[in-house]
Amino acid sequence: MTEALDTLWYTRCPVPTGLGIAVQKGWLAESFAAQRTEIKSLRESNDEAVRESHFDHTLLNSVRHGGNIPAIWARAAGRQTRVLGLSWADEAQLILTLPGSGIRSVRDLKGRRFGLPKWTKVQIDFVRAQALRGLENALRLEGLQPGDVELVDYAITAGYSDAPARSEGGVYVFAGRSSAHNEELLGLLRGEVDAIFLKGASAVQLAHQLGLEVVIDTGAHPDPLIRANNGTPRTLTVDQNLLDRHPEAAVRIVEQVLHAEAWAHAHPDDTRRFLARETNSSEHWVTVAYGRDAHERLRTDLEPQSVVGLQDFVDFLHRWHFIAERFEVREWIDPRPLEEALVRQ
């Protein structure tokens, strides 16, 4: 007999995910109502240790859908977690410069100053890691490497989990990284550096509002390994305890993610509105950052391309010393909940 699950903790990033839609629509809670399982948002908790589990995955009976760097870091640090699915929704990954900088192509970055965030009080600096990845991938296209540019650090002393997220109308208003903490952007505007990396809806909106020039969008490159970064692919993970003691709950979670994605494929306009809420942005900037087909890009599976892309990114994080131990992504994946959920569709 399956053991009863009292509480399921969930968390997702402010990015397009099937879990985010399932939460907003109330489907995740509804699917567990008969079992009297309470559904709680860990990022809204008043306990900082609970909120920090969004990044270090220490909380038992929790599910996380979002950027892969914290999930990779937690796995490399020994957390007992498993990947149930991967969702690859391409997004804008921009290297930006000021008008008149003389930087018209990636080749022009050689010898120039590149601003990087450096969060000094966090367990895993995923913002720095994704910026370095974007820079390295762009430079590689021109036979260059990060050593060919001058890296300029901008220290940020805030923490990701300093305050709980607020829920307004069922939608997160996220604490943590904000424009006030975007020191590398301020450095660019002050002329201290020549280029920076930003991604997602906020990146395209800021570039437009501030009149910045796009050197390259690696998120639009045809090679998936150039596009592979923190958000490509995103990981759907649970702790091993949930999988071992509540296997039906793991299947139910995947079912609701797939259900939300299927709904999105049939409701493009509604999906854009949901994604705008998730990303704290507008429908326009969601479309610019994630494409007019953003609703179709919400697909959680275990496609070989996603697995290869995630492994390549794990290797990058190890090479840059963001994680201490390299591991095999295929051994991290448990395909059984997804296989069962697909059978039930």
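Is Arg 128 buried or exposed? Arg 128 is buried, its relative accessible area being 15%, where buried denotes under 20% relative accessible area, exposed over 50% and partly exposed the range in between (1.4 Å probe, protein chains only). The structure is a predicted model, in which local features need pLDDT of at least 70 and side-chain atom pairs count only at pLDDT 80 or more, whereas totals for chains, interfaces and linings use all residues. Residues are numbered from 1 along each chain as its sequence is written, and side-chain values use heavy atoms, with hydrogens and water left out.

The chain contains 15 helices and 13 strands; helices (H or I, at least four residues) and strands (E, at least two) are DSSP runs numbered from the N terminus. For 345 residues, a compact globule would have a radius of gyration near 20 Å, and the value of 20 Å found for the chain agrees with this. The radius is taken over C-alpha atoms, and the globule rule is 2.2 Å times the number of residues to the power 0.38. The C-alpha trace spans about 65 × 40 × 40 Å along its principal axes. Of the 345 residues, 58% count as buried. The accessible surface of the chain amounts to about 14200 Å², with 47% of it belonging to carbon and sulfur atoms; accessible areas come from the Shrake-Rupley method with a 1.4 Å probe, and for residues only the protein chains shown count as cover. Among contacts with a separation of 6 or more, 79% are between residues 24 or more positions apart, a contact being heavy atoms within 4.5 Å.

An open sheet is formed by six strands in the order S2-S1-S3-S12-S4-S13, with mixed pairing. Its edge strands are S2 (38-41) and S13, each of which pairs on one side only; two strands pair if DSSP finds at least two bridges between them. Strand S3 (residues 62-66) pairs with strand S1 (residues 7-12) in the parallel sense over four bridges, and His 65 in S3 is the bridge partner of Arg 12. Strand S3 is also joined by four bridges to strand S12 (residues 234-239), in the antiparallel sense, and here Thr 237 in S12 is the bridge partner of Arg 64. Five of the five residues of S3 are buried. Ser 62, Arg 64 and Gly 66 point one way from the strand, while Val 63 and His 65 point the other way. Arg 64 and Glu 303 are 239 residues apart in sequence and 19 Å apart in space, C-alpha to C-alpha. Glu 303 is located in the loop between strand S13 (300-301) and helix H13 (304-319) and is partly exposed, with a relative accessible area of 44%.

In helix H12 (residues 283-290), the buried residues include Trp 285, Val 286, Thr 287, Ala 289 and Tyr 290. The cover over the buried residues of H12 includes helix H7 (200-210), strand S12 and helix H11 (268-278). Gly 291 follows H12 and has a positive phi, near 95°.

Asp 153 lies in strand S7 (residues 150-156) and Arg 128 in helix H5 (residues 126-140), so the pair ties together parts that are 25 residues apart in sequence. Asp 153 is partly exposed, at 37% relative accessibility. Glu 136 forms a salt bridge with Arg 319, with the closest N and O atoms 2.9 Å apart. This pair links distant parts of the chain, with Glu 136 in helix H5 and Arg 319 in helix H13, 183 residues apart. Glu 136 is buried, with a relative accessible area of 7%, whereas Arg 319 is partly exposed, at 45%. In a further salt bridge, the closest N and O atoms of Asp 293 and Arg 297 are 2.9 Å apart; Asp 293 is partly exposed at 30% relative accessibility, as is Arg 297 at 24%. A network of salt bridges links Glu 248, Arg 252, Glu 255, Glu 340 and Arg 344.

Methods:
A salt bridge is a side-chain nitrogen of Lys or Arg within 4 Å of a carboxyl oxygen of Asp or Glu.
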